[in-house]
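Morning, everyone. Please bring up the model on your screens, and we'll walk through it together.

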Amino acid sequence: MKMISKYGDLLFFKTTNAPVGHVGIYIGNNKMIHAAYGVKKVMISNINEAYYKSRYVVARRVIK
């Protein structure tokens, strides 16, 4: 599954019972920056990690 394409895309993930429970910003090289609730800090994660791949919902570009 291909998730994103450009820097700045918002990535949405289903991490709770809600349709979307987490959002990250794509920063290139299969990485996103996001606020990780469990570790209570902003971090950079690989979007190809099994956790994120299995919870991916959609990517959206806010500014074209």
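Strands here are DSSP runs of E, at least two residues, and helices are runs of H or I, at least four residues, both numbered from the N terminus.

Some ground rules. This is a predicted model, where local features need pLDDT of at least 70, side-chain atom pairs count only at pLDDT 80 or more, and totals for chains, interfaces and linings use all residues. Residues are numbered from 1 along each chain as its sequence is written, and side-chain values use heavy atoms, with hydrogens and water left out.

Back to Val-20. Its relative accessibility is 36%, so Val-20 counts as partly exposed. The cut-offs: buried is under 20% relative accessible area, exposed is over 50%, and partly exposed is in between, with a 1.4 Å probe and protein chains only. Leaving out residues up to four places away in sequence, Val-20 touches Phe-12 and Phe-13. Contact means heavy atoms within 4.5 Å. Now take Lys-6. Val-20 and Lys-6 are 14 residues apart in sequence, and their C-alpha atoms are 21 Å apart in space.

Now the overall layout. The protein has one helix and five strands. Reading from the N terminus, the order is β-β-β-β-α-β. The C-alpha atoms fill a box of roughly 30 × 25 × 20 Å along the principal axes. The radius of gyration is 11 Å, which agrees with the value near 11 Å for a compact globule of 64 residues. That radius is taken over C-alpha atoms, and the globule rule is 2.2 Å times the number of residues to the power 0.38. Of the 64 residues, 28% count as buried. Look at contacts between residues at least 6 apart in sequence: 33% of them join residues at least 24 apart.

Next, the rings. How many aromatic pairs does a search of the whole structure find? It finds four. In Tyr-51 and Tyr-52, the ring centres are 5.1 Å apart and the planes are at 90°, so this pair is edge-to-face. The rule covers rings of Phe, Tyr and Trp (its six-membered ring): they pair if their centres lie within 6.5 Å, and planes under 30 degrees apart are stacked, over 60 edge-to-face, the rest tilted. Tyr-52 is buried at 9% relative accessible area, while Tyr-51 is partly exposed at 39%.

On to two loops. Most residues other than glycine have a negative phi. Asn-30 is not a glycine, yet its phi is positive, about 60°. Asn-30 lies between β2 (22-28) and β3 (31-36), and is partly exposed at 33%. Lys-40 also has a positive phi, about 55°, and is not a glycine either. Lys-40 is in the loop between β3 and β4 (41-46), and at 72% counts as exposed.

Last, the surface. Ile-25, Ile-27, Ile-33, Val-42 and Ile-44 make a nonpolar patch of about 410 Å². Patch residues have over 30% relative accessible area and no salt bridge; nonpolar side chains (Val, Leu, Ile, Met, Phe, Trp, Tyr) are joined within 5 Å, like charges within 9 Å. A salt bridge is a side-chain nitrogen of Lys or Arg within 4 Å of a carboxyl oxygen of Asp or Glu. β2 and β4 each supply at least two patch residues. Ile-33 lies in β3, and is partly exposed at 34%.

Definitions and conventions: Areas by Shrake-Rupley, 256 points an atom, 1.4 Å probe, with all protein chains shown as cover.
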